Amino acid sequence: MKRWLVLWFSLLAVSVGAAADTSEKLIQGEIRVQASMAHHLSKDDRLIIKLYYPSDGIERDPKFQILSDFTLPLTFRIAPTIDMSGRTKWPSYIVEAFTDKDNDVLSVAPGELTARTPELVRLGTTGVVLELNALRQ
């Protein structure tokens, strides 16, 4: 019986440690809109939050969060794909947010807004601010 309790508590400690470790694999922050660009927003827009690693002009390991109903400012949390061992492919990523007017994240419709981090953001970072302040091209 003692052995089973020790094993059970050991497994519990591993799972609690894994849960506590989750924030180290996230990037967290807020998405806002620049006041002079707010007139481009429509109630039918979707908000896309995108995470990717740039390599040789290719967006690797992209991940999208698509929000059909949102209000700005908006607090966000995004994490990359995690493998079976709990690892990510890279330690840092670009975070991008944009509005989508035509329900197609790959095309650009007139009036869509965008914001992105100017450089790679390390996983575990909090307080990232993305301000939708430019038209998407």
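This is a predicted model: local features need pLDDT of at least 70, side-chain atom pairs count only at pLDDT 80 or more; totals for chains, interfaces and linings use all residues.
## The three-stranded sheet

Let us start with the strands. E4, E1 and E8 make up an open sheet, arranged in the order E4-E1-E8 with mixed pairing. E4 and E8 are the edge strands, each of them pairing on one side only. Averaged over the sheet, neighbouring strands are turned by 30° against each other, direction ignored.

Between E1 and E8 the pairing is parallel and runs over five bridges.

## The largest nonpolar core

The largest nonpolar core has 22 residues, and Ile27, Ile31, Phe76, Leu130 and Leu132 are the ones with the most contacts inside it. Two or more residues each come from E1, E2 (46–55), E4 (74–78), E5 (92–100), E6 (113–116) and E8 (128–132). E2 gives the largest share, with four residues.

Leaving out residues up to four places away in sequence, isoleucine 31 touches Leu47, Ile49, Leu72, Pro73, Leu74, Phe76, Ala97, Leu130 and Leu132.

## Salt bridges

Seven salt bridges are found in a search of the whole structure, and three of them are described here. Aspartate 45 and lysine 101 form one of these, with their closest N and O atoms 2.9 Å apart. This pair links distant parts of the chain: aspartate 45 sits in the loop between E1 and E2, lysine 101 in the loop between E5 and E6, and 56 residues separate them. Aspartate 45 counts as buried because its relative accessibility is 3%, under the 20% cut-off. Lysine 101, at 29%, is partly exposed.

Lysine 50 forms a salt bridge with glutamate 59, and here the closest N and O atoms are 2.5 Å apart. Lysine 50 is buried at 9% relative accessibility, while glutamate 59 is partly exposed at 37%. In another pair, the side chains of glutamate 30 and arginine 32 meet at 2.4 Å, N to O. Both partners are partly exposed: glutamate 30 has a relative accessible area of 23%, and arginine 32 has 36%.

## Lysine 25, a buried loop residue

Lysine 25 belongs to the loop that runs between helix H1 (2–20) and strand E1 (27–33). Is this lysine buried or exposed? Lysine 25 is buried, since its relative accessible area of 18% falls under 20%.

What does the side chain of lysine 25 reach? The answer is the backbone oxygen of glycine 86, at 3.3 Å. Setting aside neighbours within four places in sequence, lysine 25 is in contact with Ile78, Ala79, Pro80, Ile82, Gly86, Thr88 and Leu123.

## Histidine 39, an exposed loop residue

Our last stop is histidine 39, in the loop between E1 and E2. Histidine 39 is exposed because its relative accessible area, 61%, is over 50%. Its side chain reaches the backbone oxygen of serine 36 at 3.2 Å.

Histidine 39 and glycine 111 are 72 residues apart in sequence, and their C-alpha atoms are 9.2 Å apart in space.

Note on methods. Residues are numbered from 1 along each chain as its sequence is written. Side-chain values use heavy atoms; hydrogens and water are left out. Buried means under 20% relative accessible area, exposed over 50%, partly exposed in between (1.4 Å probe, protein chains only). A polar contact is a pair of N or O atoms within 3.5 Å; within protein, one must be able to donate a hydrogen and the other to accept it, and residues adjacent in sequence count only if both atoms are side-chain atoms. Contact means heavy atoms within 4.5 Å. A nonpolar core is a set of buried Ala, Val, Leu, Ile, Met, Phe, Trp, Tyr and Cys residues joined through side-chain atoms within 4.5 Å. A salt bridge is a side-chain nitrogen of Lys or Arg within 4 Å of a carboxyl oxygen of Asp or Glu. Two strands pair if DSSP finds at least two bridges between them. Axes are lines fitted to C-alpha atoms, for helices over the stretch in contact, and angles run from 0 to 180 degrees between N-to-C directions.
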